[in-house]
Amino acid sequence: MAPAESPVTPPDFARWKQQGRKISVLTAYDYTTALLLDQAEVDCLLVGDTLGMVVQGHTTTLRVTLDQMIYHVEMVARAAKRALVVADMPFLSYQSSPEQAILSAGRFLKETECRAVKLEGGRRSAATIRALVEADIPIVGHVGLTPQSIRRLGGFKVQRNADEILADAHAVEDAGAFALVLECVPSDVAARVTAELSIPTIGIGAGAGCDGQVLVTPDLLGLFEGFRPRFVRRYAELGDEIRKAAAQYVADVGSGAFPNAQESFQ
C-alpha cells in the first residue's frame, strides 16, 4: 500500500482526536524497518529508547545515550515519508535543567528529520516541557510507568494511583505537549484521562479507551523473546522464520547446495 503524500504532523493528532479516529504508533530503529512500516501507513514511528533492550540487549533503557539515539533517529526519519517520526529523549539528556533539554531536543531537530520528541514524567517534567514548547519543539509526554524510573519503581509494574496519574497527565497537557503516552495503567484510569484531556492519549498496556496505541515492533513481530509483557499481541512469529531460514542456509552451505550454477558467475 503506497503511503499518502501529505506527512503526518502534530496538528493532525489533535484533529484525529476530535474526529474519534484512532492513532497507530509503532517503534522503529533502522531504515529498512521504518520504510516498511511507513509503507503500511503507520501514523507515527517512535524511535524509542527501548532500543537499549531490543537492539542493544540491555535489561533497561538507562544505558542509551543521546548520540546513539540521534544515530537511529536519523535513519528512521530518512525512511519515513508519511509517518510522524518522534525521537525519545534518553535518560539524563533532559533531567538536569530545561536548558539541557532544549539543547538535547534541538539536536534531534537539527541533525535528523524527526518532527517531535518525547520525554518521560508528568508534574516533575512540566517546566521542561513548557520550555521546549516555547522553543518551538513539539513534545509528546509520557506518564504512568516511566521506564527511566525503573530503579525507583523497583521493576516494570502497573501504576495504579489514579489521582497521581491524572495530575501528571493534566500537567503535561497544561505545559503544551500535543500528545501523551500512557503506559501500564488500569484501563479505567486511562479512559478517564483520555476523556478529560483535549490532547490525544497513546496507550501501551492502558486498554482500548485511549485515542491510539503503541507497541514495540520487535514484540509485535515476534523478534524479541527476552521479555513479553501481557499487553503485547504478536502479529507474526518472525523469530521462528529467521531461525528456520538461517538453519537452512547453514545446511545448504554445508552440503554444497548453495550457491548453485544460477547463483554463480560464469
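Predicted model: local features only at pLDDT ≥ 70, side-chain atom pairs only at ≥ 80, totals over all residues.
Local features need pLDDT of at least 70 and side-chain atom pairs count only at pLDDT 80 or more, while totals for chains, interfaces and linings use all residues. Residues are numbered from 1 along each chain as its sequence is written, and side-chain values use heavy atoms, without hydrogens and water.

Eight strands form a closed barrel with parallel pairing, in the order β1-β2-β3-β4-β5-β6-β7-β8. Strands (E, at least two residues) and helices (H or I, at least four) are DSSP runs, numbered from the N terminus. Two strands pair if DSSP finds at least two bridges between them. Strands β7 (residues 201–204) and β8 (residues 212–215) pair in the parallel sense over two bridges. G212 in β8 is the bridge partner of I202. Helix α8 (residues 162–175) packs on the sheet and touches β5 (139–144) and β6 (179–183). Contact means heavy atoms within 4.5 Å. The direction of α8 makes about 175 degrees with that of β5. Axes are lines fitted to C-alpha atoms, for helices over the stretch in contact, and angles run from 0 to 180 degrees between N-to-C directions.

Three aromatic pairs were counted. Rings of Phe, Tyr and Trp (its six-membered ring) pair if their centres lie within 6.5 Å; planes under 30 degrees apart count as stacked, over 60 as edge-to-face and the rest as tilted. F13 and F178 form an edge-to-face pair, 5.6 Å centre to centre, with 75 degrees between the planes. F13 lies in helix α1 (residues 10–19) and F178 in the loop between α8 and β6, so the pair ties together parts 165 residues apart in sequence.

The lining of the largest pocket has 16 nonpolar, five polar and seven charged residues. Ala, Val, Leu, Ile, Met, Phe, Trp, Tyr, Cys and Pro count as nonpolar, Asp, Glu, Lys and Arg as charged, and the others, Gly among them, as polar.
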